Amino acid sequence: MKNQPNDNETNNQSVTFNSYKVLLLGNSYVGKTCILLRFSEDIFKESYDVTIGLNYRIKSMTIENNPIKMQIWDTSGEEKFKAIAKNFYRGAHGVLLVYDICDKSTFSDVKSWIEQIIENADNDEIIMILCGNKCDNEKDRKITKEEGENLAKSYGIPFFECSAKSNININEIFDTMAHKIYTKIGNRQSSSVKLASNTIKKKIGKCCVTK
Ligand code: GTP
């Protein structure tokens, strides 16, 4: 899926709809793309390809009998892609901040991701959820559930351990996000987003790739 046009509902069309924009953030290799694929297509990919630039999926949901669309954006966790951050954050309602329970550095970097979110978000009240992914892999666990809970608590944000591989808590995370955005803004500020075709220009380092 990496570096592919990713709107299975709007391919090559111009469609306008109310939508909640949610970003997947976190270090490289924590499983952001797998979380997106599990939620949007119920699939899991063992192989790893680094995400180049940006991908998105759109998923229809119903919150308290109101249909909404979640526009979920995935980006590379690599340092060099942070240059695109400002545009990526524009209009975002929520962030799923992901670390890998088997990799300490991804957990210790959560703080700097939160600082980056606060710096870049154009919405002061952006909703964050902390997600400890790969909880299927107990034998390689380096971060306890309690440590994850305590970190989330220190920022006053919800916390889930999850597994894209075993489909643990993936729907619950997106349901929680959708409900929180709905509670906060309902349809009021949800962006009426126009996605014109599946052509997205992405800045990667110094070059610009069109997909
Ligand atoms: P970047 O594109 O570099 O930012 O990485 P990413 O965060 O999108 O990671 P990706 O989803 O590509 O997953 C990285 C690796 O972790 C892949 O080999 C996946 O198969 C694996 N992986 C992802 N989620 C899980 C999970 O829940 N459990 C386990 N055991 N492995 C996972």
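The lining of the largest pocket has seven nonpolar, nine polar and nine charged residues; Ala, Val, Leu, Ile, Met, Phe, Trp, Tyr, Cys and Pro count as nonpolar, Asp, Glu, Lys and Arg as charged, and the others, Gly among them, as polar. This is a predicted model, in which local features need pLDDT of at least 70 and side-chain atom pairs count only at pLDDT 80 or more, while totals for chains, interfaces and linings use all residues. Residues are numbered from 1 along each chain as its sequence is written, and side-chain values use heavy atoms, with hydrogens and water left out.

Strand β5 covers residues 127-133, and seven of its seven residues are buried, so the strand is largely enclosed by the rest of the structure. Buried means under 20% relative accessible area, exposed over 50%, and partly exposed in between (1.4 Å probe, protein chains only). On one side of β5 lie Ile127, Ile129, Cys131 and Asn133, and on the other Met128, Leu130 and Gly132. In a regular strand the side chains alternate between the two faces of the sheet.

Strands (E, at least two residues) and helices (H or I, at least four) are DSSP runs, numbered from the N terminus. Two strands pair if DSSP finds at least two bridges between them.

| Strand paired with β5 | Bridges | Direction |
|---|---|---|
| β4 (residues 94-100) | seven bridges | parallel |
| β6 (residues 159-161) | three bridges | parallel |

Val95 stands opposite Met128 in β5. Gly132 has Glu161 in β6 as its bridge partner.
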